[in-house]
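Here is a short briefing on one protein model. Keep the structure open as you read, and find each part as it comes up.

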Amino acid sequence: MCGIVGYVGDRDCADVLVDALSKLEYRGYDSAGIAVVEKGVIKVEKCKGRLANLVDKMAVDGKPQGHCGIGHTRWATHGEPNDVNAHPHLSQHGDVALVHNGIVENYIELRDFLTEQGYSFMSETDTEIAANLVEHLYRSNREDGPEAATREALSLISGAFALGIIFADHP
């Protein structure tokens, strides 16, 4: 079972997200990660293994700084447990980061559609496809805003799932 968390507020959210993820540690998982909107850019830190691995990685890389973010602990359903397949997934152009619990049943059709639109994929996950779908729809009609793009993406995705989504330009 995956765990997803999100935070928007006055506190620096990297520590808030890691603390929230630590409360989900009793569940089995194979990777952990966070994404934070930092000065209009989404910064992602993720890695294979336990949450302690992510904390150690951020001690070296530095923690993303911001007040809006999402976090995830993953139990693999699509793709092997590794750093690339860990969540959150950043969309191709960096507009959207997404965490996901569940399954996107029509991920193959969506991947084929997005490939025709010029998207390529780094991971083996259905989650990366969802992130790029939201980004594609947002870029196609930005004036309607993130909520409209998210609603449209949800109307196109089949399955049972929950999503946590952040947009670089709407923290």
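Pro-88 sits in the loop between strand E4 (68-74) and E5. This is a predicted model.

**Two backbone features**

- Most residues other than glycine have a negative phi, and most peptide bonds are trans.
- His-87 and Pro-88 are joined by a cis peptide bond. Its omega is about 0 degrees.
- Lys-39 is not a glycine, but its phi is positive, near 50 degrees.
- Where is Lys-39 placed? It lies in the loop between E2 and E3.
- Is Lys-39 buried or exposed? Lys-39 has a relative accessible area of 82%, so it counts as exposed, the cut-off being over 50%.

**The sheet of 4 strands**

- This open sheet runs in the order E1-E4-E2-E3, and its pairing is antiparallel.
- Strand E1 (3-8) and E3 stand at the edges. Each has a single partner strand, so one side of each has no neighbour in the sheet.
- From one strand to the next, the twist averages 10 degrees.
- Strand E2 (residues 31-38) pairs with strand E3 (residues 41-48) in the antiparallel sense, over 8 bridges.
- Two bridge partners can be picked out here.
- The hairpin of E2 and E3 has 2 residues between the strands. Lys-39, with its positive phi, belongs to this hairpin.

**The sheet of 3 strands**

- A second open sheet has the order E5-E6-E7, again with antiparallel pairing.
- Which strands are at the edges? They are strand E5 (89-90) and strand E7 (159-167), and each pairs on one side only.
- E5 pairs with strand E6 (residues 96-104) in the antiparallel sense, over 2 bridges.
- His-89 has Leu-98 as its bridge partner in E6.
- Helix H4 (residues 126-140) packs on the sheet and touches E5, E6 and E7. The direction of H4 makes about 130 degrees with that of E6.

- Gly-164 is found in strand E7.
- Its relative accessible area is 15%, so Gly-164 is buried, the cut-off being under 20%.
- Which residues does Gly-164 touch, leaving aside its neighbours within four places in sequence? The contacts are Ile-4, Ile-70, Ala-97, Leu-98 and Val-99.
- Gly-164 and Gly-69 are 95 residues apart in sequence. In space they are 9.2 Å apart, C-alpha to C-alpha.

**Helices H1 and H2**

- Two packed helices are described by the angle between their axes and the distance between the axes.
- Helix H1 (residues 13-22) packs with helix H2 (residues 51-61) at an angle of about 160 degrees. Their axes are 10 Å apart.
- Angles over 145 degrees count as roughly antiparallel, so H1 and H2 are roughly antiparallel to each other.
- The crossing of H1 and H2 is left-handed.
- H1 brings Val-18, Leu-21 and Ser-22 to the contact. H2 brings Leu-51, Val-55 and Met-58.

- Helix H5 (residues 145-156) has 12 residues. From its first C-alpha to its last it reaches 17 Å, close to the 16 Å expected at 1.5 Å a residue.
- Which residues of H5 are buried? They are Gly-145, Pro-146, Ala-149, Thr-150 and Ala-153.
- H4 and E7 are among the elements that cover the buried residues of H5.
- H4 and H5 pack at an angle of about 130 degrees, with their axes 8 Å apart.
- H4 and H5 are therefore oblique to each other.
- H4 passes H5 in a right-handed crossing.
- On the H4 side, the meeting residues are Leu-133, Val-134, Leu-137 and Tyr-138. On the H5 side, they are Gly-145, Pro-146, Ala-149, Thr-150, Glu-152, Ala-153 and Leu-156.
- An α-helix has 3.6 residues a turn, so residues three or four places apart point the same way.

How values were computed. Residues are numbered from 1 along each chain as its sequence is written. This is a predicted model: local features need pLDDT of at least 70, side-chain atom pairs count only at pLDDT 80 or more; totals for chains, interfaces and linings use all residues. Side-chain values use heavy atoms; hydrogens and water are left out. Two strands pair if DSSP finds at least two bridges between them. Contact means heavy atoms within 4.5 Å. Axes are lines fitted to C-alpha atoms, for helices over the stretch in contact, and angles run from 0 to 180 degrees between N-to-C directions. The expected span of a helix is 1.5 Å times one less than its number of residues. Buried means under 20% relative accessible area, exposed over 50%, partly exposed in between (1.4 Å probe, protein chains only). Angles under 35 degrees count as roughly parallel, over 145 as roughly antiparallel, 65 to 115 as roughly perpendicular and the rest as oblique. A crossing is left-handed if the near helix is turned anticlockwise from the far one by less than a right angle, and right-handed if clockwise.
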